[in-house]
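Subject: Handing over the structure, with notes

Dear colleague,

Please find the structure below, followed by my notes on what was found in it.

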Amino acid sequence: MATTATILHADLDAFYASVEQLLDPSLRGKPIAVGGGVVLAASYEARAFGVRGGMPGRRARELCPQLVFVGGHFGEYQRLGDAAIKVIGDFTPLVERISIDEAFADVAGCTHLFGSPAEIAGAIRARVRGELGLPISVGVARTKHLAKIASQVAKPDGLVVVDPARELDFLHGLNVELMWGVGPVTKARLAEIGVETIGQLANTRAGSLERLLGPAAGEKLGALAWNRDPRRIRTHHRARSAGAQSAIGKKPATARVFRPTLLHLADRIATRLRAKSRPGRTVTVRVRFADLSCITRSVTLAAPISATVILAGLAEELVRAILADHPQEKTISLLAISVSHLEEHWDLALELPLGLADEARRPGSRIGLARSEADRAVDRIRDRFGWDAIGYGSTALGLARSVPDAFRTLAEKEL
């Protein structure tokens, strides 16, 4: 592991809202939110009132009556996000982009050209502000995990460099929610045992963490709490899974609710898999209930799939199994599907009609081939006339979606 702080994490501040304020100067200094039915992103002025991404629009207006909603300029988000990452790439080729508005960089090999890591971080911030008109926060540290935390501490529009000699002093006083992998549910579980800071987490017995969070998560968070993070910058790597999720508010746990949502999610995922010729073998679904508890189920197939209807059918079976195991849960707030164990190179094997129970979901069967041909026809129509030109079942009837597909596309990783 490196002994000097040469890892940068750069993160554009309130990116979508900042872009809207850049495009319309009259919005500067005002509380704004991108979205409508749901808040996709909020400016810092809106966050001061408690408005957060993912919040229903009605609740956001209750918290901030003067909140201004804007529809979103998704093409501009992509253009400016790409331009900011390019600025970082002008200083070092070792850039790992992890989303549209943030990236890691290793500047160990370019300090003789551009100065110390802190000077490089300052130059990046100055160029992004000067050339693009956007604020960006940067953290500099010895590891990726600590650099990302440092950039969060630096917000808004700041720079934090963590001295390797004092990194645990810096880290252990911070709240656990700043750590990678600590969401609301994990934070609540840790609070139950009196763990609220990273230092308290670091001094919690490994066995207690593993019993509370599971072996993998407990071991990982325990290591990160001591800044043990051997991960290097990965400039070129393909995603190992493809997924999509939909927050649906609080809806009845009925087929009328979850079936069209699952079909829409399967459509988004399978279209991406086919576009990159990367079918997958493992299908996982996640259901979040009204109390924010989540249940996950998965199935691994003998042959990889990328057919929309097959994926939707598998996801529906898994969701039905979850609901059958939890009959007391009557309300769903989120549904998610992911496909993993993606194939890099795969040749379709034709299958004889043997009357097997799962024949309809086998890609090489007569039904599977027919579904693949239908998918390819849909893909060709969409390539020519746009995504909304054709769809599957209820998705073609205009399934109500509070989050625009253009926004979801920005968050999708390259396959």
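Which residue follows H12, and is its phi positive or negative? The residue is Asn227, which comes after H12 and has a positive phi, near 60 degrees. Before going further, please keep in mind that this is a predicted model, and that what follows describes the model as it stands.

Helix H12 covers residues 215-225, and its buried residues are Gly218, Leu221, Gly222, Ala223, Leu224 and Ala225. If you look at what covers these buried residues of H12, you will find several other helices, including H7 (144-154), H8, H9, H10 (198-202) and H11 (206-213).

As a reminder of the background, strands of a sheet pair through backbone hydrogen bonds, and they do so either parallel or antiparallel. Strand E1 (residues 7-12) is paired with strand E6 (residues 102-106) in the antiparallel sense, over five bridges, and you can find one place to look by taking Asp11, whose bridge partner in E6 is Glu102.

Helix H6 against helix H4

Helix H6 (residues 117-132) also comes together with helix H4 (residues 74-89): their axes come within 10 Å and cross at roughly 145 degrees, and the crossing is right-handed. On the H4 side, the residues that meet H6 are Leu80, Ala83, Ala84, Val87 and Ile88, while on the H6 side they are Ile124, Arg127, Val128, Glu131 and Leu132. When the residues of this contact are sorted by kind, eight are nonpolar, none is polar and two are charged.

The three-stranded sheet

A second open sheet has three strands in the order E3-E2-E4, and its pairing is also mixed. Strand E3 (39-42) and strand E4 (68-70) stand at the edges with a single partner strand each, so one side of each is left without a neighbour in the sheet. The twist here averages 35 degrees from one strand to the next. Strand E2 (residues 32-35) runs parallel to E4 and is joined to it by three bridges; in E4, Val68 is the bridge partner of Ile32. Helix H1 (residues 15-23) packs on this sheet, where it touches E2, E3 and E4, and its direction makes about 110 degrees with that of E2.

Aromatic pairs

Phe74 and Tyr77 form an edge-to-face pair, with 5.6 Å from centre to centre and 85 degrees between the planes. Both residues lie in helix H4, three residues apart, which is about one turn of the helix, and both are buried. In the pair of Phe104 and Trp180, the ring centres are 5.7 Å apart and the planes stand at 55 degrees, so this pair is tilted. Phe104 lies in strand E6, whereas Trp180 lies in the loop between helix H8 (167-172) and helix H9 (184-192), so the pair ties together parts that are 76 residues apart in sequence. Are the two partners buried or exposed? Phe104 has a relative accessibility of 1% and counts as buried, while Trp180, at 26%, counts as partly exposed. Ring pairs also link Phe15, Tyr16, Phe74 and Tyr77 into a cluster.

A residue in helix H14

Lastly, please look at Ala312, which lies in helix H14 (residues 308-325). Ala312 has a relative accessible area of 9%, and it is buried because this value is under 20%. Which residues does Ala312 touch, once its neighbours within four places in sequence are left aside? The contacts of Ala312 are then with Leu262, Leu263 and Ala266. Ala266 and Ala312 are 46 residues apart in sequence, yet the distance between them in space is 5.2 Å, C-alpha to C-alpha.

Technical notes. Residues numbered from 1 in each chain as written. Predicted model: local features only at pLDDT ≥ 70, side-chain atom pairs only at ≥ 80, totals over all residues. Heavy atoms only, no water. Axes fitted to C-alpha atoms, helices over the stretch in contact; angles between N-to-C directions. Helix = DSSP H or I, 4+ residues; strand = E, 2+ residues; numbered from the N terminus. Left-handed = near helix turned anticlockwise from the far one by under 90°. Contact = heavy atoms within 4.5 Å. Nonpolar A, V, L, I, M, F, W, Y, C, P; charged D, E, K, R; others polar. Pairing = 2+ DSSP bridges. Phe/Tyr/Trp six-rings, centres within 6.5 Å; stacked < 30°, edge-to-face > 60°. Buried < 20%, exposed > 50% of the residue type's maximum accessible area, 1.4 Å probe, protein only.
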